Amino acid sequence: MTTTNAVFLTGEVWGNSLPLGRYLPRLPKGAAAAWLSENLPLGSWVIDPYGASPELAVEIARAGYRLLVAANNPISRFLIEMTASPPSVEEMRAALAELASSRRGDERLEPHIRTLYTTICDHCGAEVDAQYFLWERDAQAPYGRVYACPNCKQAGEFPATEEDISRAIRFHAQGPHRSRALERVATADSPDRIHVEEALDAYLPRAVYALFNILNKLDGLRVSEEQKAILHLLLLYTCDQANTLWHYPAARARPRQLSTPAKFMEHNIWLALENTISNWGTQQSDVALRIWPELPPQQGGICLYEGRIKELTPELSNIPINAIVSALPRPNQAFWTLSALWAGWLWGREALGPFAVVLRRRRYDWAWHTTALESSLRRLSPILQPGTPFFALITENTAGFDAAAITAADLAGFTFKGVALRPNDGQSQYHWQKTSLAPPSSRIQPRKIAAQAVEQTIQERGEPTAYLYLQTAALQALNRANALGSLIKDQESPRARAAAAYTAARELIEETLIPTGDLIRYQGGKSSIEIGRWWPRHNQVNAPPLADRVEVEIVNQLQEHAELSFTDLEKYLCQSFPGLLTPEPGLIRTILESYAEQSEAHTWRLRENDATATRRDDVEEMRALLTEIGTRLGMQVSGTRPLVWQSNPGAQNLYFYVVASANISKIIQSAPHPPDQGIIVLPGGRASLILEKLERNPHLADQIDAGWRFLKFRYLRRMAETSMLTLENLPSSLTLDPITSDDPQMPLL
């Protein structure tokens, strides 16, 4: 292939339980450590120019490498520090107790904040803490509340009471606490003030009041620096819980814009503080962390640079950078803007520094992001030795994001070594290496290179292929041919050049995939060209569909091993099907559920009725039943693969293909008869797998829809037992037990 295959490095994906986890990269745990162990000796220097993931930084350090990470976002820096040296549950509880017991006039702080969110139990009349109140966007008061009464155990969602509404509306949007919230980030005469005001609209007045009662008290609290850092961590989580970006009902949303959902939750601020402890309490032990220019020990650690990579690179002449490893950041106006707010609230507006510029920008397009990524890599590239590897993780892959990353790396002087994708899981893993920049040849034909890469990728996969795979194949081929730079003329500045290269690359891909040429597009309609799957117009593909090959490999593994863990099987399959063939977890799980059962230890084993000998006997039994039924109906029965029912001259014959698997593509492709004469006989347990294959392979689905029918083993047995079956009702009886995901038992005749 034009593409270079890399093994996808698997691992459990980091969840959203960590503070601000819904904004952070969703990394596969252990992937970076596994890559480093295969490519670098322990103690080597690694650099992350973007500093987007605290988990990645700690994983690299814990694996025994020295990581230099540049983090311009003060919130990202703080998260790296706290993840590297996480406080214990006891330390967090002690710090929160100090805050809770501080005085606000004649009362303690904790009951004052709790009172803001109390409500009355509908059942027993007890006063309870609301977990959150429910609002509609632009409403003046909440419409509902959610609580769990410790007295009578009633729990759930209930309408807001008049007292709930009265308590909520007594806070004013223009109160003194809002003024302080603004002043902590930008002065009244600052040009950023208007942007801070817009960002602050993501907070209800009650939340601002509660947060700044806590922040004001923290400013004067006499605690150690360690305890203050812990309280900042608790407050940081709470600042995010306090905004209006929380969908109701709860969704696994990853906010990218400061846009309030139609219905949202207003969290209880004090409960949010307490919940941070349970969410953070599972962190592992410390790793060494130093602030630049102090360096970590040889055995591994983090060196944190508080600024942008362009300011760091002039000082790196004495640091032998052996690799770049980074979770590439996705543009996120919500997180970046809120980070500026939170940094100002926690540490004062001086803490923002150059990062304050994010307050002024509301939209980030992919051309802009290409420029941002390329700028950092271009400044880093000159200090790297040729051949220096670059392992990049994208954890929310899209066509725009991936194209921006590939284009930026290309323009900065990096060449592909390999790639592995899992679009349904949002994961892309790119392997590059530093090369010497050379001017592109004028004889290069980018369109031809891209078209060949697209064609070869579809041939390799053997099934209609989604846009992201084809774009990646084409851009990788252009990169390896040093052809991306030829798409644009020299621009006045690198900034303009990067944006222009991205735009030109995307236009080239779209021109290559125009469905009026050599390709047809399934499932796209009039929507974005990124939707749908592509297939050669003349259907000249020889490779079996990827899903069929994965099925065969999984069944072989189940037959060879008495027990298999999903993790071990997934790793094996990613090695067997690397690069753009990497199977998705959903497909793996569907195949497993079709053939295997899960033990109490969560391992998988082949079901008894799917053992090879059992299925061989089943196939022979089905052929015998078909012979018996056909003979009874007056048919002439012949053959085995297929078994054929021949009737009177001029009538249609029926061709039965008895299989134990869901590998039906070859049958469909090579059948010598019209589709409406073909019947595939298979175990009912293959139903969900068949549906999965038809969903991912619309070309195969079209062929099935032309008239092919399915007959399940169990239904054929029932047909053999009934005396009601005739030639006249045979066609209708064959439709009574269709292929469905829930595989119901259907009546016969």
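**Overall build, cores and backbone exceptions of the predicted model**

Of the contacts between residues at least 6 apart in sequence, 70% join residues at least 24 apart. The model is predicted. Its chain has 749 residues, and 56% of them count as buried. The secondary structure amounts to 27 helices and 26 strands. The C-alpha trace spans about 100 × 80 × 50 Å along its principal axes.

The accessible surface comes to about 31,500 Å². Carbon and sulfur atoms account for 49% of that area. Charged side chains number 74 positive and 83 negative. The centres of these two sets lie 4 Å apart.

The largest nonpolar core has 75 residues. Those with the most contacts inside it are Tyr203, Ile214, Leu341, Trp342 and Trp345. Helix α13, residues 333-347, gives the most to this core, with 10 residues. A second core is separate and has 67 residues. Leu373, Tyr467, Tyr502 and Trp534 are among its members.

Trp345 illustrates the contacts made in the largest core, where it is one of the residues with the most contacts. Residues up to four places away in sequence aside, Trp345 touches Ala181, Arg184, Val185, Leu200, Tyr203, Leu211, Phe212, Leu215 and Cys239.

Helix α7 covers residues 176-183. Its buried residues are His177, Arg178, Ala181 and Leu182. Seen down the axis of α7, these buried residues fall within an arc of 140°, so they line one face of the helix. Their cover includes α8 (193-200), α9 (205-219) and α13. Ala181, buried in α7, is also one of the residues that Trp345 touches.

The backbone holds several exceptions. Most peptide bonds are trans, and most residues other than glycine have a negative phi. A cis peptide bond joins Tyr248 and Pro249, with omega about -5°. Pro249 sits in the loop between α10 (225-241) and β9 (263-267). The bond from Trp292 to Pro293 is also cis, with omega near 15°. Pro293 belongs to the loop between β10 (289-291) and β11 (301-305).

Positive phi values occur at Asp138 and His602. For Asp138, which is not a glycine, phi is about 70°. Asp138 is placed in the loop between β6 (127-136) and β7 (144-148). Its relative accessibility is 68%, so Asp138 counts as exposed. Phi of His602 is near 65°. His602 lies in the loop between β20 (596-598) and β21 (603-606). With a relative accessible area of 56%, His602 is exposed as well.

Key. Residues are numbered from 1 along each chain as its sequence is written. Side-chain values use heavy atoms; hydrogens and water are left out. Helices (H or I, at least four residues) and strands (E, at least two) are DSSP runs, numbered from the N terminus. Buried means under 20% relative accessible area, exposed over 50%, partly exposed in between (1.4 Å probe, protein chains only). Contact means heavy atoms within 4.5 Å. Accessible areas come from the Shrake-Rupley method with a 1.4 Å probe; for residues, only the protein chains shown count as cover. Lys and Arg count as positive and Asp and Glu as negative; His and the chain ends are not counted. The place of a charge is taken as NZ of Lys, CZ of Arg, CG of Asp or CD of Glu. A nonpolar core is a set of buried Ala, Val, Leu, Ile, Met, Phe, Trp, Tyr and Cys residues joined through side-chain atoms within 4.5 Å. The arc is that of the directions from the helix axis to the C-beta atoms.
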